[in-house]
Amino acid sequence: MIFDITHKTHYRYRSMVVQSLHLVHMTPRTLPGQIVRQHRLTVEPAPASRQDGIDTFGNIDVILDIESQHKELVLIARSTVEKLSPPPINLLATTPWDRLDDKLLAANHERDVHVLMFRCASRLTSPTLEIAEYAAPSFAPGRPVLDAAMDFTMRMYNDFTFDPHATDVSTPLSQVFRTKRGVCQDFAHAALACLRSLRIPARYVSGYLHTRPPPGRPKLQGADASHAWISVWSPEYGWVDLDPTNGMIVRDEHVTVAYGRDYDDVSPISGVLRGGGEHSVSVGVDVNMVAGAPADALSGR
């Protein structure tokens with residue numbers, strides 16, 4: 001499948017911004033099964049300088065220094081991405097979750113810090129006793145890690161309700177667990193907190209999901225949105241992506257942009273301003289399939 005993706009973000013400020021500095025994660029990653037054919041980021045007003053780089057997690061990031069005074073800022077990321085169907089995974093043929101420590105010790109007796117760092121709690125994924133207790137039923141002693149993680153993913157899908165009005169960026173994880181309502185970022189953070197409470201390596205994934213309109217209805221421009229899911233590590237398959245919002249193993253309609261410990265590491269746009277005061281932001285995302293065979297529709301939750 002080949003997707004054309006447009007991600008537009010429009011900031012409006014109450015007062016003049018004298019200068020701003022922004023960190024941007026909007027470039028899809030090149031990965032096995034994901035080929036970035038082209039990508040372009042346009043910014044208005046034009047930045048005085050732009051620095052493209054690679055962050056700690058291997059994501060492409062862009063640092064923008066905007067020195068022109070402005071009351072509006074518009075960023076438009078346009079990408080064309082080819083997705084290939086991933087190979088099948090035997091969930092049962094993976095190391096038991098409670099034996100992962102044995103596998104994380106390399107032959108030279110050094111531990112893989114690139115995996116181990118994703119077992120640690122982060123600001124947005126700190127576990128509690130309630131969170132650990134919720135995770136426990138899926139992780140019986142000796143159960144294969146990916147089989148247990150998929151069972152846990154389906155439990156979350158059945159127990160939690162997608163509700164875009166239930167949370168905002170300041171909603172604590174404890175409230176998400178109490179109400180079992182939220183959006184994909186909330187569910188990803190909840191899943192990571194559960195898995196990390198058991199010392200299972202798991203990371204946050206940001207990206208896009210191709211969705212379809214109801215039968216007989218046209219697809220609305222700007223109706224798509226950024227999406228978030230998780231990735232769980234096993235020695236046999238490496239990182240395997242699971243989507244708690246849609247209750248599935250990620251296949252060929254999820255486009256990966258960035259990996260991190262949580263949303264803080266991979267926020268599409270963050271920054272600091274001189275001036276500006278209060279502001280509003282509008283975001284429009286379009287994910288259109290331009291080539292590929294049709295598949296069963298995802299929930300698009």
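Me: Where is P45 found in this predicted model?

Reply: Look in the loop between β2 (34–44) and β3 (49–54), and there is P45. The peptide bond that leads from E44 to P45 is cis, with omega near 5 degrees.

Me: What makes S206 count as buried?

Reply: The relative accessible area of S206 is 11%. Buried means under 20%, so S206 is buried. The residue belongs to strand β8 (residues 202–209). Setting aside neighbours within four places in sequence, S206 has contacts with H227, W229, V255, T256, V257, A258 and V266.

Me: And why is P141 called exposed?

Reply: Here the relative accessible area is 72%, and exposed means over 50%, so P141 is exposed. P141 sits in the loop between α3 (129–135) and α4 (145–159). Not counting residues up to four places away in sequence, P141 touches W97 and D98. From P141 to V113 there are 28 residues in sequence and 25 Å in space, C-alpha to C-alpha.

Me: Why does K180 count as partly exposed?

Reply: K180 has 24% relative accessibility. You will find K180 in the loop between α5 (173–179) and β7 (181–182). Its backbone deserves a glance too: phi of K180 is positive, about 55 degrees, although the residue is not a glycine.

Me: How do you know that R199 counts as partly exposed?

Reply: The reasoning uses the limits of 20% and 50%. R199 has 46% relative accessibility, so R199 counts as partly exposed. R199 is a residue other than glycine with a positive phi, near 65 degrees, and its place is the loop between α6 and β8.

Me: How do you know that the radius of gyration of the protein agrees with a compact globule?

Reply: For 301 residues, a compact globule would have a radius of gyration near 19 Å. The protein has 20 Å, so the two agree. Along its principal axes, the C-alpha trace spans about 60 × 45 × 40 Å. The secondary structure comes to 7 helices and 14 strands, and 48% of the 301 residues count as buried. Among contacts with a separation of 6 or more, 76% are between residues 24 or more positions apart.

Me: Which residues touch the most other members of the largest nonpolar core?

Reply: They are F139, F152, M156, F177, I200, I230 and V232, out of 51 residues in that core. Helix α6 (residues 184–197) gives the most to this core, with 9 residues. Apart from it lies another core of 14 residues, including M26, I66, A77 and I269. As for V232, leaving aside neighbours within four places in sequence, the contacts include V145, L146, A149, L195 and W239.

Me: What makes up the lining of the second largest pocket, by class?

Reply: By class, the lining has 13 nonpolar, 5 polar and 4 charged residues. The pocket has a volume of about 610 Å³. Of its 22 lining residues, P32, P86, W239, V240 and D241 are the closest to the centre. Strands β10 (238–243) and β12 (254–260) each supply at least two residues of the lining.

Conventions: Residues numbered from 1 in each chain as written. Predicted model: local features only at pLDDT ≥ 70, side-chain atom pairs only at ≥ 80, totals over all residues. Heavy atoms only, no water. Helix = DSSP H or I, 4+ residues; strand = E, 2+ residues; numbered from the N terminus. Buried < 20%, exposed > 50% of the residue type's maximum accessible area, 1.4 Å probe, protein only. Contact = heavy atoms within 4.5 Å. Core = buried A, V, L, I, M, F, W, Y, C linked by side-chain atoms within 4.5 Å. 1 Å grid on protein atoms, 1.4 Å probe; cavity = no way out; pocket = protein on both sides within 12 Å on 5 of 7 lines; lining within 4 Å. Points joined across faces, edges and corners; volume = space filled by probe spheres on them. Nonpolar A, V, L, I, M, F, W, Y, C, P; charged D, E, K, R; others polar. Rg over C-alpha atoms; globule rule 2.2 N^0.38 Å.
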